[in-house]
Amino acid sequence: GTVERITGPRTVSAFKEKGVLSISEFVVAGDNLVSKCPTWSWESGEPSKRKSYLPVEKQYLITRNVPCLRRAASVEEEYEAAGGEILLDNEDNDGWLATHGKPKETKCDDEENFPSMETLEISKNKTIQSIPSYFGGEEEEDIPDMAEYEEPDNLIETDAATLQSSYLVVHEPDDDNILRTRTYDVSITYDKYYQTPRVWLTGYDEVGHRNYALWLISSRMLLQPELVLEDVSQDHAHKTVTIEDHPHLPGKHASVHPCRHGAVMKKIIDVLMSRGVEPEVDKYLFLFLKFVASVIPTIEYDYTMDFDLGSSSN
Amino acid sequence: MAVNENRPVLQFAPFQSAVDEGFWQKLSSLKLDTLGIDQSPISITGFYAPCSHAQVSNHLTLLAESLPSDPSEQLSSPVLSRGNRNRCPVPGILYNTNTLESFHAIDKQSLLKAESKKIWEDIRSGKAEEDSALLSRFLLISFADLKKWSFHYWFAFPALVLDPPATLVDLRPASQWFSVEEAESLSAACNEWRNSSSTADVPFFLVSIASNSRATIRHLRDWEVCQGDGQKVRPKSLFAFFEKFILFLFGLYDPCHLPNNPGWPLRNFLALICSRWNIEKVRFLCYRENRGFADLGLSLVGEALISVPQGRAAENGVCLGWRDPQFVPNAVGWELNRGKKVSRCITLAQSMDPTRLATTAA
């Protein structure tokens with residue numbers, strides 16, 4: 001069955017030594033994620049893009065329609081305004097997990113263990129507002145004015161049982177956060193080169209940002225990948241998050257580049273072991289997603305971890 | 001039974017569509033490689049799941065897998081793509097036109113009528129009780145402009161209209177409806193239903209809670225089984241069936257997150273309940289989740305009154321009722337675009353146009 005079909009370069013686990021995963025360990029960790037956090041599923045994706053070294057029905061993991069209620073940039077502004085300490089993790093020996101405002105060692109090419117990356121600098125622009133124009137697209141360009149094609153009233157009958165937008169205004173609390181909701185499909189693939197999982201983001205726009213009454217029953221349109229960077233911690237938006245082809249899905253998607261995943265995971269594992277916790281490899285993705293949450297702090301995907309990470313030697 | 005004027009009309013939050021880029025890419029290649037100028041309708045599969053977050057509704061999603069590999073084969077024997085708990089398959093039909101003009105010229109009313117008639121027939125024949133996803137059948141019209149890599153499209157989620165509309169007696173979070181024991185048992189039963197691969201993608205079901213607070217979830221088809229079995233033994237089976245249980249609810253996966261409105265799929269379920277089972281007071285459970293587990297705080301329990309449409313003067317003056325085999329209820333369901341009756345358009349030139357791809361890659 002499954003085991004025979006999986007052939008990878010790594011047969012001995014380097015999970016604790018290097019923070020990396022073998023292919024079969026990725027499948028084991030993915031199975032555990034799906035069982036503990038059922039909003040995640042395995043999928044097989046595009047038949048033409050299937051990897052022979054992964055089981056057909058377990059090519060990658062995905063959780064869809066994940067809300068992102070605020071832009072990461074605005075969260076960081078508030079955090080900086082409060083003069084604050086980091087909210088996400090206290091592992092301050094690593095820039096990716098430590099303060100957002102003052103990264104200490106985020107430059108990927110310092111790391112000797114890993115090949116250098118060519119594609120990291122996607123934009124030299126400092127402000128996220130300029131990114132859409134960098135790619136020559138206006139946010140609203142997708143939707144041409146269709147007013148001349150608006151249907152006569154008789155197409156959609158007045159139906160007393162259909163909730164109209166005006167009712168939504170009345171029923172919804174006056175909460176500005178709703179205005180800014182985007183949703184994401186978050187997927188995790190296996191990167192054979194770096195031997196780690198890799199996270200991909202597909203965003204859907206908050207179409208009605210001008211009129212939130214309409215938004216609530218309005219369209220969910222694909223978000224240009226570049227706009228995804230607004231939901232990425234600004235330390236990473238221009239360095240570690242890149243726009244690339246998804247290995248299993250069509251189109252360009254934003255992705256956290258995996259070049260330092262192994263090193264970061266190794267540090268997390270070391271910290272755990274120094275506390276007497278022996279991490280188990282099937283918990284890898286929970287640790288990994290916790291770390292990814294520092295890169296995309298406002299995308300509320302599920303990585304609930306209310307159980308032991310591993311066996312404690314204490 | 002006359003509609004109480006003081007009771008509010010039960011209002012349903014419209015279904016929302018979401019189309020993955022993969023769907024348009026696959027449609028493009030189907031059009032180029034297989035379909036050509038053939039405009040025959042294509043069977044497609046949409047996916048949805050119960051709402052899983054307090055702030056966002058779930059959508060009817062189209063993915064690359066929503067399209068058949070060989071459309072001609074699939075139309076004759078539609079096979080739904082395999083689902084899982086996060087993507088319950090729903091049958092749909094796609095009318096893709098060759099020009100923008102023919103897209104706008106489509107007779108949307110007739111198409112909606114045709115699809116709602118299928119739903120009605122599946123209710124009447126009992127097919128919808130065997131395969132409850134048939135209740136949420138949907139319709140998509142599109143024009144794929146392969147020169148500009150843009151896609152004009154419009155969804156319809158046909159809903160049979162109850163006339164007069166159902167009125168609301170009570171609607172509350174499910175957690176306020178049940179005792180602690182009942183809620184625990186119901187959550188456990190729902191989670192079990194959602195975790196079993198044979199039931200995870202079955203979006204409509206029957207819930208009964210016995211006097212010992214124990215909740216049981218059954219398939220819709222078991223309604224007939226319960227009734228039929230009982231009738232052989234004792235004549236007052238239906239009465240006995242209800243007596244046996246303190247609570248009986250019609251459950252559905254609710255994609256909607258709003259605290260005061262059930263989602264769209266309840267509409268055709270109510271039509272089934274009142275036309276097949278002659279129930280006028282319907283207690284329903286809008287099942288919703290948080291982080292993939294039953295959340296009775298988000299889920300709703302409601303009680304609605306349906307006045308079974310006995311007769312209705314048709315245009316020609318003949319009185320038709322829901323019992324009349326010729327009768328087909330009216331339907332609504334074309335999706336609005338920002339509140340307007342317009343189609344949608346998405347341009348994927350950035351990811352599909354080879355010249356643009358070459359520029360961004362440079």
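This is a predicted model: local features need pLDDT of at least 70, side-chain atom pairs count only at pLDDT 80 or more; totals for chains, interfaces and linings use all residues.
Visitor: Start with chain A. How many helices and strands does chain A have?
Guide: Chain A has 11 helices and eight strands. Of its 314 residues, 57% are buried.

Visitor: What share of the contacts in chain A join residues at least 24 apart?
Guide: The figure is 68%, counted among contacts between residues at least 6 apart in sequence.

Visitor: Is α11(A) enclosed or open?
Guide: Helix α11 of chain A is largely enclosed by the rest of the structure, because eight of its nine residues are buried. The buried ones are A:Y284, A:L285, A:F286, A:L287, A:F288, A:L289, A:F291 and A:V292.

Visitor: What covers them?
Guide: The cover includes helices α2 (15–18), α3 (23–36) and α10 (261–274) of chain A, along with strands β2 (60–68), β3 (182–191) and β4 (196–204) of that chain.

Visitor: Now rings. How many aromatic pairs are there over all chains?
Guide: A search of the whole structure gives 29 aromatic pairs. One of them is A:Y284 with A:F288, which counts as stacked because the planes meet at 25°, with the ring centres 6.4 Å apart; the cut-off for stacked is under 30 degrees.

Visitor: Why are those two separated by about one helical turn?
Guide: A:Y284 and A:F288 are four residues apart in helix α11 (residues 284–292) of chain A, so about one helical turn separates them. An α-helix has 3.6 residues a turn, so residues three or four places apart point the same way.

Visitor: Buried or exposed, that pair?
Guide: A:Y284 is buried, at a relative accessible area of 0%. A:F288 is buried as well, with a value of 0%.

Visitor: Chain B next. Which kind of pair do B:Y253 and B:Y287 form?
Guide: B:Y253 and B:Y287 form a tilted pair, at 5.9 Å centre to centre and 45° between the planes. B:Y253 is in strand β10 (residues 245–253) and B:Y287 in strand β11 (residues 281–287) of chain B, so the pair ties together parts 34 residues apart in sequence. Both tyrosines are buried.

Visitor: What lies over the face of B:Y253?
Guide: B:R194 does, at 4.7 Å from the ring centre. Elsewhere, the charged end of B:R267 sits over the ring of B:W264, 4.7 Å from its centre.

Visitor: Which residues do ring pairs link into a cluster?
Guide: The cluster is B:F15, B:F23, B:W24, B:Y48, B:F138, B:F151, B:Y153, B:F155 and B:F157.

Visitor: On to the largest nonpolar core. Which residues touch the most other members?
Guide: B:F178, B:F250 and B:L270 do, in a core of 93 residues. Helix α10 (residues 266–277) of chain B gives the largest share of this core, eight residues. The core lies between domain 1 (17–161 + 328–361) and domain 2 (167–312) of chain B, because both give residues to it.

Visitor: What does B:L270 touch?
Guide: Leaving out residues up to four places away in sequence, B:L270 touches B:L10, B:F12, B:L162, B:A166, B:V282 and B:I306. There is also a second, separate core of 50 residues, with A:Y190, A:V199, A:V228 and A:F288 among them.

Visitor: Change of topic: backbone. Where is the cis peptide bond that involves B:P164?
Guide: The cis bond joins B:D163 and B:P164, with omega about 5°. B:P164 is in the loop between β6 (150–160) and β7 (167–173) of chain B.

Visitor: What is the phi of A:Q195?
Guide: A:Q195, not a glycine, has a positive phi of about 55°. A:Q195 is in the loop between β3 and β4 of chain A, and is buried at 17% relative accessible area.

Visitor: And B:S213, what phi there?
Guide: B:S213 is not a glycine either, and its phi is positive, about 70°. The loop between β8 (204–210) and β9 (215–218) of chain B holds B:S213, which is buried with a relative accessible area of 18%.

Visitor: Last one. Where is B:S150, and what does it touch?
Guide: B:S150 is in strand β6 of chain B and counts as buried at 7% relative accessibility. Residues up to four places away aside, B:S150 touches B:F143, B:A144, B:D145, B:C345, B:I346 and B:T347.

Methods
Residues are numbered from 1 along each chain as its sequence is written. Chains are lettered from A and ligands numbered from 1 in the order in which they are written. Side-chain values use heavy atoms; hydrogens and water are left out. Rings of Phe, Tyr and Trp (its six-membered ring) pair if their centres lie within 6.5 Å; planes under 30 degrees apart count as stacked, over 60 as edge-to-face and the rest as tilted. Buried means under 20% relative accessible area, exposed over 50%, partly exposed in between (1.4 Å probe, protein chains only). A charge sits over a ring if NZ of Lys or CZ of Arg is within 6 Å of the ring centre and within 35 degrees of the ring normal. A nonpolar core is a set of buried Ala, Val, Leu, Ile, Met, Phe, Trp, Tyr and Cys residues joined through side-chain atoms within 4.5 Å. Domain bounds come from an automatic or database domain assignment. Contact means heavy atoms within 4.5 Å.
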